[in-house]
Amino acid sequence: MEKKMSGSSFVIAAAAVVFVLLLSLHCCDGIDLQKSNAAAASTFTSLPRQIAPGLHSTSVIRAELLHRDHMSSPLGSTTPKSLSDRILEAVKRSIERRDYIERNMKAAAAAGSGLESWVSGGEGEYFMEIALGSPPQTLITIVDTGSDLVWVQCSPCSACFPQTGPNFEPAKSKTYRTASCDDRLCLDLPIQSCAKSSCKYEYQYGDGSMTVGAFSYEILTLESSGGKLRSLPQIAFGCGQMNSGSFAGAGGIVGLGRGAVSLPSQLSPYISDKFSYCLVNLEMSATKTSPIFFGDIAAAQTSTSAASLKYTPLINNRKHPTFYYVGVNGISVGGQMIAGLSAQNFSINTVGNGGVIFDSGTTLTIWNSNVYTLILQAYRSAIDFPIATGGGYGLDLCYDTSGHPSAVLPEMVIYFDNDVQLHSPATSMFLSAEGDVKCLAMLGAVTDFSVIGNLQQQDHLLVFDNVNQRLGLASANCASF
């Protein structure tokens with residue numbers, strides 16, 4: 001990831017985005033945040049105003065993740081979609097995300113630089129409610145393990161996209177302040193500039209969507225277990241005053257990546273630089289939330305799953321330092337190891353391409369083309385049902401299981417470094433298409449990268465431990481947390 005300290009814009013996407021970026025050089029000059037008079041009625045229930053006592057290193061904060069299909073998410077509906085419709089939409093989003101990643105990895109390689117995030121601005125698989133300021137102003141945000149910056153739309157806003165609920169209004173907070181140009185976290189931003197002694201930021205995403213504004217500090221409040229609130233002082237965030245994209249109706253993004261400006265990294269003075277989540281399965285995600293924990297859940301021993309965690313080392317990639325890379329040694333299907341696969345098939349090469357990441361924002365798992373071809377061959381050898389077309393799903397391997405209501409399809413096991421295994425039953429590997437057709441929920445990629453998506457992560461406790469540079473895995477019934 002390349003740092004730039006100038007007024008010039010770093011171009012990733014189309015010429016239209018270039019124009020917006022050029023405008024962004026002037027977006028923040030002359031805006032007086034103390035004279036903001038923009039106001040809107042929030043559609044969310046405001047968090048209570050009592051702030052819980054301060055945090056310490058052993059604290060664990062629990063919040064709730066809303067799947068995009070959850071009835072309370074910005075994209076939710078009072079008339080729930082059918083499971084088949086939700087599956088079809090999830091597949092299409094995954095295909096679009098893969099295509100975004102491939103295009104932008106190629107563009108970044110040609111430019112000799114790294115992407116700031118692979119996320120598409122129109123996406124958003126999981127949301128989380130936060131509050132900023134004193135008194136707190138409630139906002140709904142996308143949660144993203146594939147980016148670092150925490151940011152929200154702010155008023156006054158020279159260019160903002162529609163969102164659910166009002167923008168954050170700095171003028172209404174007693175604790176808002178802008179960061180100076182020599183602020184340590186300002187200097188950690190991939191693109192920054194200085195205007196009127198204040199730090200200005202630009203941040204772009206994989207589809208060309210972006211946010212530009214004042215890099216600032218504010219109290220961030222999360223609602224924890226039992227309705228308790230936890231106040232996190234002096235969290236750096238982007239106060240977005242010129243933003244393009246849709247961002248799924250959310251007011252911004254909470255970046256959970258490995259960079260210095262991500263929320264977990266900033267929490268390290270107060271609680272451990274660790275977070276974990278447990279995603280409920282897709283069938284339940286429209287009505288149930290998934291827990292996310294900030295702090296050392298393993299030390300808290302809050303569940304038997306936490307006690308049974310096994311850890312695999314995180315791998316650093318200097319070209320893409322934000323992402324959670326892990327080492328993979330092999331894959332089995334139906335108890336049989338796939339021949340021809342070794343650690344080399346999943347490794348990061350000398351120029352920073354390849355590797356395997358965990359990503360909350362991708363639904364289907366994506367494998368590099370060589371690995372994907374061998375996986376398809378393994379499933380074809382292990383399954384006797386007739387091959388079927390997947391209709392409009394765009395998936396490569398589907399089976400007709402009609403007449404077999406109790407059909408058992410083989411599980412997949414991914415073998416990570418340090419003898420850690422991810423067991424994925426058929427419910428996490430096959431999606432029901434039309435009728436009794438079941439399709440393998442995976443995609444192939446032309447480029448070398450591989451992504452373990454949230455469908456394969458469901459019903460597992462995942463711990464992202466940046467203190468010890470490791471990722472923890474344990475099977476879990478996430479709905480019971």
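These legends walk you through several close-up views of a predicted model.

View 1. Helix 7 covers residues 369-382.

**View 2. The largest nonpolar core.** This core has 68 residues, and those touching the most other members are M128, F294, I331, W367, I375, Y379 and F416. Helix 7 supplies the largest share, 6 residues. Another core, of 23 residues, lies apart from it and includes W151, L185, F215 and A250.

**View 3. The surroundings of F416.** Beyond its neighbours within four places in sequence, F416 is in contact with several residues, among them T312, V326, F358, I452 and L473.

**View 4. An aromatic pair, F168 and F237.** The structure holds 17 aromatic pairs. In this one, the ring centres are 5.9 Å apart and the planes meet at 85 degrees, so the pair is edge-to-face. F168 sits in the loop between strand 5 and strand 6, while F237 belongs to strand 10, 69 residues apart. F168 is buried, with a relative accessible area of 0%, and F237 is buried too, at 2%.

View 5. W151, F161, Y203, Y205 and F247 are linked into a cluster by ring pairs. R177 lies over the face of Y217, 4.3 Å from the ring centre, and R470 lies over the face of Y311, at 3.6 Å.

Note on methods
Residues are numbered from 1 along each chain as its sequence is written. This is a predicted model: local features need pLDDT of at least 70, side-chain atom pairs count only at pLDDT 80 or more; totals for chains, interfaces and linings use all residues. Side-chain values use heavy atoms; hydrogens and water are left out. Helices (H or I, at least four residues) and strands (E, at least two) are DSSP runs, numbered from the N terminus. The expected span of a helix is 1.5 Å times one less than its number of residues. A nonpolar core is a set of buried Ala, Val, Leu, Ile, Met, Phe, Trp, Tyr and Cys residues joined through side-chain atoms within 4.5 Å. Buried means under 20% relative accessible area, exposed over 50%, partly exposed in between (1.4 Å probe, protein chains only). Contact means heavy atoms within 4.5 Å. Rings of Phe, Tyr and Trp (its six-membered ring) pair if their centres lie within 6.5 Å; planes under 30 degrees apart count as stacked, over 60 as edge-to-face and the rest as tilted. A charge sits over a ring if NZ of Lys or CZ of Arg is within 6 Å of the ring centre and within 35 degrees of the ring normal.
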